[in-house]
Amino acid sequence: MKKLLLIPFLFSLMIATAQSFDFPGPAGNEGLGWSKAQSSESFDATSAIITWTASQGSPKWRIISGAGIDASTNMVLEVVLKNNSSATTLRVKHANQSDGGSGNRFTNLPIEANSDFKTYYLDLTDAKWYDATATTPVTIQDAFEFIVRQSAPNTNMASAGSIEFDKISFIDAIPALQRTDYSFQVNADSEGFSGVSGSSAAVANGLLTWTFSNNTVPKLEQGIYGIDAASNRYMHIRLKNNSNDDELRVSFANTTGTPPPNRWYPSATISGMDTNYKTYTVDMTDGGSTTWTAEGVVTDLDLRVRSTTNSNQSTGGTIDIEYILFDNNAAAPDFSYTYSAGAWLPSDPQGNSTTSDNVTVDDNTSLTGDLDCNDLTITTGNELTAGSNTVNLAGDLINNGVLNAVGSVFNFAGTTVQDVTGNAFSVEDVLLNNSLGMTLNADVNLEGKLTLTNGQLTTQSASPGVLTFKSSNGKTAIVDEVVSGSIDGEVTIEQFYPANRAFRFVSSPVNMTGTLFTDWQQAGLNPGDAGYVANEGTQITGGTSGDGYDQSTTNNASLFGFNNAYTDINNSWTTFSAPTNTTSLNAGDAMRLFVRGDRSVSLTAAATATDTKLVTRGTIVTGPQPFAPTTVDGNFIFTGNPYQAQVDLNAVLTSSEDINTSVYYAWNPTMNNYVGYSFATGGVQSDVSQFIQPGQSFFVLVADDGDANPPSVNFTESAKSDATATTATYSLPQAFLTMTLENNLNVSKDRVTLLFNDNGDNTITGKDAPKFKGEDEQLMVLTSGAQLTIDDRSTPVNQEMIALQLENLVTGNYQFTVNASGFTIPAYIEDQFTGQFTQLDASNPTIIPFSVDTANAASNNVDRFRIRFSNTTLGLNDSAFAKAISLYPNPSNGNEVTLNNLSGDSIVSIVNLLGQTVMTQNVSSEQVRLDLSDLNKGTYIVTINSQENNQTLKLILN
């Protein structure tokens with residue numbers, strides 16, 4: 001890419017009267033009368049070199065006497081030098097004798113560090129070099145001196161260095177050199193431009209600021225350099241217009257065209273009062289045809305600004321110019337912003353640069369806003385902190401220094417292949433929107449999200465160029481939904497597990513290119529081994545060391561598969577016995593793995609678990625990923641998430657074939673138990689949500705819909721999500737009850753959910769979730785002989801009882817935490833061992849403590865607890881009256897029903913499910929017929945109150 005710099009001039013057009021000192025001189029007089037002070041001197045084939053140390057003060061190169069310079073005809077200093085130091089100023093000294101006075105005169109010449117020789121010019125006419133009006137003008141200057149300064153004129157040198165002088169000349173005028181670009185990098189150096197016609201120009205901080213008044217036609221005149229018009233047809237100027245003027249005109253006179261002489265004004269429309277820098281291109285042949293190119297070299301160029309609505313005069317203001325470039329390309333050039341010595345040059349790119357501009361960081365800095373650029377380069381030894389900002393790149397990222405981008409978004413949106421090179425760095429999000437793709441040739445740690453909108457991301461299998469998806473406690477990097485794009489090559493994926501010796505339901509997030517041994521077992525490395533990484537990998541036991549297994553005292557298996565085609569669920573888990581040092585997994589392969597911690601955990605003695613990460617290397621899968629195992633109706637299917645992303649399992653199951661869409665089963669390692677997640681309830685249930693995490697496996701239930709298609713769990717890109725919130729998929733039930741079993745440490749052990757609505761069914765249906773038993777305490781609902789973890793039921797009626805079952809309890813204290821809402825009949829938990837009834841609070845959780853003694857069969861009875869619904873306060877009045885009353889027919893298809901076995905005078909009320917009383921009738925016999933002809937179809941609650949007795953029944957009208 002082109003970088004706009006001040007071009008050094010290595011030649012001059014000398015006139016006959018010029019006086020020059022071309023170093024080195026002849027042998028014995030190499031310095032040509034010049035000598036060093038507070039420095040040392042040496043000579044090579046082309047130069048006189050002065051060298052100094054930091055302690056030498058003010059280095060000097062001077063001619064003390066005998067210079068013999070004719071000041072009356074040679075009033076411009078031309079010096080060709082190479083600056084090998086950090087000095088920025090040559091303080092020029094000569095005797096103040098032009099008017100016969102005494103003392104010395106000082107003038108400053110800005111210089112810059114450069115790897116090649118560069119020519120500088122200094123006008124001496126304002127330094128009392130020669131005064132023709134003096135009574136006795138001094139014509140000859142015999143003494144001249146250069147004093148090297150670090151920065152400000154009176155600052156001594158602070159560091160060592162050297163300057164190589166090639167030639168020192170005194171000439172009559174600055175030659176009309178040809179020049180094509182102006183970048184204003186040296187303060188106070190306007191590079192030949194000056195403001196005339198009511199305007200002025202000044203250079204500071206990489207900008208030429210052109211200031212002009214209103215009601216004039218201000219001109220920015222180039223008074224030194226000419227332009228090779230034949231080879232440079234276009235002028236490109238980058239500026240910020242702080243005026244209301246809207247036209248920039250370039251003026252030049254033709255001297256060879258027809259008819260001469262005449263001035264031509266190619267122009268560009270510019271944006272008035274613009275807050276951004278913009279590049280404008282002027283076709284110099286516009287309006288003048290071949291007049292520009294016919295000039296050969298144009299030497300009288302100037303810029304003019306005007307308002308087309310102000311009688312073609314200026315409205316007044318300023319224009320900040322970053323660069324002016326002449327070339328033969330109609331397209332605007334790339335531009336460079338550089339951060340160096342604590343400042344941006346020529347200006348801050350944030351808010352100003354475009355994706356056509358290069359940005360270089362040559363000093364430590366931080367972004368305070370978003371950045372648009374072409375190439376972004378961080379040079380060796382320097383650091384860029386990107387913060388929480390977005391960097392939009394159209395070119396390459398070259399990180400030869402330090403890039404801190406955790407929290408940042410890097411958007412690669414070029415139109416040619418983009419390359420990332422240099423040192424490793426971490427970044428929050430990466431977006432790829434480039435049809436030609438990008439290539440990683442630097443290691444990149446992704447902390448957040450990779451979005452593939454368009455193009456191919458090419459990675460490397462070994463450093464440099466490794467893409468690692470990082471994982472920490474509570475956070476894992478993901479690949480977002482792939483719109484149109486792909487990853488070509490291997491990636492490395494981490495999955496964090498907190499310290500907890502427990503089984504984990506895991507899956508491979510990639511098609512492994514290594515093995516279980518090289519990846520999850522860290523190639524067998526242990527603490528003390530070269531290359532071992534703490535808090536990474538785990539141990540896998542259950543086989544021989546020759547097959548890659550770690551050896552424990554018992555050598556019990558710690559890795560299991562699942563036979564989805566089982567006929568006996570008690571024998572469905574299969575011990576994994578294949579060699580881990582030759583076995584690779586594919587994306588979505590599901591396993592049950594006992595994670596003790598990292599590989600520092602002892603296998604031969606009691607040990608505390610540690611945090612660890614499973615590191616998996618391989619190729620990412622994208623697009624549809626169906627999983628269709630061999631199985632049978634009613635079986636549980638064990639499968640894993642094939643994507644490196646969160647997946648909304650509700651969306652997956654909705655698009656799946658012959659799979660129960662109401663529930664799935666996750667493993668909670670804290671509870672050491674299964675959690676049956678109800679999509680109808682939604683939210684978070686026992687720390688489980690509807691979003692499956694990367695690297696997680698789970699169970700679903702086969703539910704045949706009667707067609708010939710085999711069961712299939714269908715993962716799609718649209719099911720991916722990076723959201724953390726969950727939503728209820730089905731409409732919420734009219735009433736619900738959740739019951740959590742907790743031990744004496746308030747640790748959740750198991751949970752059941754009951755959903756109640758008018759369309760519910762008290763038999764076993766596809767909306768019910770069978771219990772999937774874990775190894776510790778178990779809580780279940782018993783319905784029609786089936787053990788359930790989720791029970792979808794019809795609206796409860798008075799005196800309805802629901803059986804609960806408990807298994808694997810130990811001697812000690814427990815409690816139930818029950819949340820219940822939406823019931824029209826009071827709900828109770830009955831403890832048949834103690835005879836205690838606890839009414840459930842509809843507004844707050846109800847806590848029910850109890851104790852278990854496994855030596856007492858009644859205390860440890862699996863049927864000890866049940867749920868009761870009753871309009872009578874249970875424990876006080878559970879009468880025979882309530883049990884005797886019947887309602888027939890129910891459900892009813894007609895216009896009347898009969899109540900039997902009433903006792904004495906009673907009041908019968910019928911209430912709909914909105915709580916509205918739709919019928920009240922007084923009766924005095926044991927049997928009564930109720931006329932229902934005015935009632936709509938639906939479900940009603942029938943209440944019978946007879947003195948101290950009462951009963952409530954559910955009535956369904958079809």
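**Cavities, cores and strands, term by term**

Modeller: The second largest cavity holds about 70 Å³ of space. It is lined by 13 residues, and those closest to its centre are Gln 495, Ser 507, Pro 509, Thr 616 and Gly 695. Mind that this is a predicted model, where local features need pLDDT of at least 70 and side-chain atom pairs count only at pLDDT 80 or more, while totals for chains, interfaces and linings use all residues. Residues are numbered from 1 along each chain as its sequence is written, and side-chain values use heavy atoms, with hydrogens and water left out.

Biologist: What makes a space a cavity, and what makes a residue part of its lining?

Modeller: On a 1 Å grid over the protein atoms alone, a cavity is a set of points where a 1.4 Å probe fits but cannot get out, and a lining residue has an atom within 4 Å of a point. Points are joined across faces, edges and corners, and the volume is the space filled by probe spheres set on them. By this rule there are 4 cavities of 30 Å³ or more.

Biologist: Which strands supply the lining of the second largest cavity?

Modeller: S48 (491-497), S49 (502-507) and S54 (612-619) each give at least two residues, with the largest share, 4 residues, coming from S48. Strands here are DSSP runs of E, at least two residues long, numbered from the N terminus.

Biologist: How do you sort the residues of that lining?

Modeller: Ala, Val, Leu, Ile, Met, Phe, Trp, Tyr, Cys and Pro count as nonpolar, Asp, Glu, Lys and Arg as charged, and the others, Gly among them, as polar. That lining comes out at 7 nonpolar, 5 polar and 1 charged.

Biologist: And what lines the largest cavity?

Modeller: Its volume is about 90 Å³. It has 14 lining residues, with Val 430, Met 438, Leu 440, Val 444 and Leu 467 nearest its centre. Strands S37 (402-412), S39 (425-433), S40 (438-441) and S41 (444-454) each give two or more of them.

Biologist: What is the largest nonpolar core, and why call it a core?

Modeller: A core is a set of buried Ala, Val, Leu, Ile, Met, Phe, Trp, Tyr and Cys residues joined through side-chain atoms within 4.5 Å. The largest set has 47 residues, and Leu 376, Phe 410 and Leu 450 have the most contacts inside it. Another core, of 36 residues, lies apart from it and includes Tyr 225, Ile 237, Val 282 and Leu 301.

Biologist: What does Leu 376 touch?

Modeller: Contact means heavy atoms within 4.5 Å. Leaving out residues up to four places away in sequence, Leu 376 touches several residues, among them Val 359, Leu 384, Asp 396 and Phe 410.

Technical notes
Buried means under 20% relative accessible area, exposed over 50%, partly exposed in between (1.4 Å probe, protein chains only). On a 1 Å grid over the protein atoms alone, a cavity is a set of points where a 1.4 Å probe fits but cannot get out, and a pocket is an open set with protein on both sides within 12 Å along at least five of seven lines; lining residues have an atom within 4 Å of a point.
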